[in-house]
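The following exercises ask the reader to work from residues to their surroundings. Each task is followed by a solution in steps.

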Amino acid sequence: MPGTARRPRDAGRRRFEALTMRRLATALETGPSSLYAHVVNKEELDELLIGRLCARIDLPEPDPARWRQQITGVCTQLRDQYLRYPGTSRAAFAAAPSDLDTLRVGEGLLAILLAGGIPPQVAAWAMDSLMLYVNAYSLELSMADKRHERGDGAWVVEREELLRRFAALPDTYPHTWRHAEELTAGTTHDRFDFTLGLMLDGIESARSRT
């Protein structure tokens, strides 16, 4: 639930939206046209950026006994890389990766799932779902941070304010009113771990049904 999370801010972070061909050319003291000798368009530049972040991911040797912990560890690393550069995860949506460093993370996740006894088809779709969730989670937090920096308190509010709003709801929202504490509990990273756990439970259940 937007607004219920509290996490440290990194003043050194740079936003993905600020990266343009023109600004990159200026930083490199060249013209935008010169960049097209190296990348076809902004989308290819985005893919290279995602690949650079993925290159920092430490992929463990697959351990059948620890496959769940290993999957969680890789997803957490990927999340943290995206959050260092807010908005970067947007570039990963609806794109078929071809960068070798990006493909390396997918290969690593697939290897861990297969080592855990997950059937190939389940493992393939599970890998896709896990990466989609990490992308979406990271993008939502970057959007919340951006609105918070703009002072858009109507969308990003503190937990105390959410509790106050829920307490003022009419009788037609009895469950929201009664369980406001549960609805606003935990940090976003608590929810991230919880959701990954649910997804891994489902993956493990699919293994037993196959």
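**Exercise 1.** In this predicted model, determine which residue lies over the face of Phe 192, and at what distance from the ring centre.

*Solution.* Step 1. The residue over the face of Phe 192 is Arg 79, at 4.7 Å from the ring centre.
Step 2. Phe 192 has a relative accessible area of 0%. The cut-off for buried is under 20%, so Phe 192 is buried.

**Exercise 2.** Classify the ring pair of Tyr 133 and Phe 192, then the ring pair of Tyr 133 and Tyr 137.

*Solution.* Step 1. A pair of aromatic rings is described by the distance of the centres and the angle of the planes.
Step 2. For Tyr 133 and Phe 192, the centres are 5.6 Å apart and the planes stand at 20°. Planes under 30 degrees apart count as stacked, so this pair is stacked.
Step 3. The pair joins distant parts of the chain, since Tyr 133 belongs to helix α6 and Phe 192 to helix α10, 59 residues apart.
Step 4. For Tyr 133 and Tyr 137, the values are 6.1 Å centre to centre and 45° between the planes, and the pair is tilted. Both residues lie in helix α6, 4 residues apart, about one turn of the helix.
Step 5. Tyr 133, Tyr 137 and Phe 192 together form one aromatic cluster.

**Exercise 3.** Decide whether Ser 138 is buried or exposed, and describe its surroundings.

*Solution.* Step 1. Ser 138 is located in helix α6, which covers residues 120-150.
Step 2. Its relative accessibility is 2%, so Ser 138 counts as buried.
Step 3. The side chain of Ser 138 reaches the backbone oxygen of Val 134 at 2.8 Å.
Step 4. Apart from neighbours within four places in sequence, Ser 138 contacts Arg 79, Tyr 82, Leu 83 and Ser 89.

**Exercise 4.** Identify which element gives the most residues to the largest nonpolar core, and which residues of that core touch the most other members.

*Solution.* Step 1. The core has 30 residues, of which Trp 67, Ile 71, Leu 113 and Ile 203 touch the most other members.
Step 2. The elements that give two or more residues to this core are α3, α4, α5, α6 and α10. Helix α6 gives the most, with 9 residues.
Step 3. Leaving aside neighbours within four places in sequence, the contacts of Ile 203 include Trp 67, Leu 113 and Val 122.
Step 4. In soluble globular proteins, nonpolar side chains tend to be buried together.

Methods:
Residues are numbered from 1 along each chain as its sequence is written. This is a predicted model: local features need pLDDT of at least 70, side-chain atom pairs count only at pLDDT 80 or more; totals for chains, interfaces and linings use all residues. Side-chain values use heavy atoms; hydrogens and water are left out. Buried means under 20% relative accessible area, exposed over 50%, partly exposed in between (1.4 Å probe, protein chains only). A polar contact is a pair of N or O atoms within 3.5 Å; within protein, one must be able to donate a hydrogen and the other to accept it, and residues adjacent in sequence count only if both atoms are side-chain atoms. Contact means heavy atoms within 4.5 Å. A nonpolar core is a set of buried Ala, Val, Leu, Ile, Met, Phe, Trp, Tyr and Cys residues joined through side-chain atoms within 4.5 Å. Rings of Phe, Tyr and Trp (its six-membered ring) pair if their centres lie within 6.5 Å; planes under 30 degrees apart count as stacked, over 60 as edge-to-face and the rest as tilted. A charge sits over a ring if NZ of Lys or CZ of Arg is within 6 Å of the ring centre and within 35 degrees of the ring normal.
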